[in-house]
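Please look at the sequence and the model shown here.

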Amino acid sequence: MANNFDNKDLTVSNNSLTDIYTASSKSMIIAGTICNTGSTSLLISIKRYDASGGAGFFKAKEHPLPVGSSYELPKIVLNTSDKLQVQSSSSSGLIDVGLELLTGVAWVILVLLLKVVLLLLQSSV
């Protein structure tokens, strides 16, 4: 299975739970940012939808996002058909979401990548 880097950018324009990315194969969100583009503070919620179990799990729930600020997403592993979903408290949405992705991830590569990240985090402490 090939490992491919990709990106996904989307503007959320309402306060509905919005699908930002649906994995077509095993994937990893390696970096991501949610930016408040409006003129008022917002609350954002971030969910990982597990397609195999038919349930969503919050990564952040009603997290405050002041004017002009951003939220850095953690690394998130997605299996085939899993989704990353975002919701804004504003009826106009007013958030931009940017994702950096590694798609078509072989589990061996994913485990090695996570080990490297953990080693880097430990060495920076």
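What follows is a set of questions and answers on this predicted model.

Me: Is Ser27 buried or exposed?
Reply: Ser27 belongs to strand S3, which covers residues 27-36. Its relative accessibility is 2%, and the cut-off for a buried residue is under 20%. Ser27 is therefore buried.

Me: With the side chain of which residue does the side chain of Ser27 make a polar contact?
Reply: Two polar neighbours of the Ser27 side chain may be named. The backbone oxygen of Ser25 lies 2.9 Å from one of its polar atoms, but that oxygen is part of the backbone. The side-chain partner, at 3.4 Å, is Tyr21.

Me: How many bridges join S3 to strand S9?
Reply: S3 and S9 (residues 95-103) run antiparallel. One of the bridge pairs sets Asn36 against Ile95 in S9. The number of bridges joining S3 to S9 is nine.

Me: Which residue in S7 is the bridge partner of Ile29?
Reply: S3 pairs with strand S7 (residues 76-78) in the antiparallel sense, over three bridges. Within S7, the partner of Ile29 is Ile76.

Me: Which residue in S6 stands opposite Ile34?
Reply: Strand S6, residues 70-72, also pairs with S3 in the antiparallel sense, over three bridges. In S6, the residue opposite Ile34 is Tyr71.

Me: How far apart in space are Gly38 and Gly93, C-alpha to C-alpha?
Reply: Gly38 lies in the loop between S3 and strand S4, and at 17% relative accessibility it counts as buried. Gly38 and Gly93 are 55 residues apart in sequence. In space, their C-alpha to C-alpha distance is 8.4 Å.

Note on methods. Residues are numbered from 1 along each chain as its sequence is written. This is a predicted model: local features need pLDDT of at least 70, side-chain atom pairs count only at pLDDT 80 or more; totals for chains, interfaces and linings use all residues. Side-chain values use heavy atoms; hydrogens and water are left out. Helices (H or I, at least four residues) and strands (E, at least two) are DSSP runs, numbered from the N terminus. Buried means under 20% relative accessible area, exposed over 50%, partly exposed in between (1.4 Å probe, protein chains only). A polar contact is a pair of N or O atoms within 3.5 Å; within protein, one must be able to donate a hydrogen and the other to accept it, and residues adjacent in sequence count only if both atoms are side-chain atoms. Two strands pair if DSSP finds at least two bridges between them.
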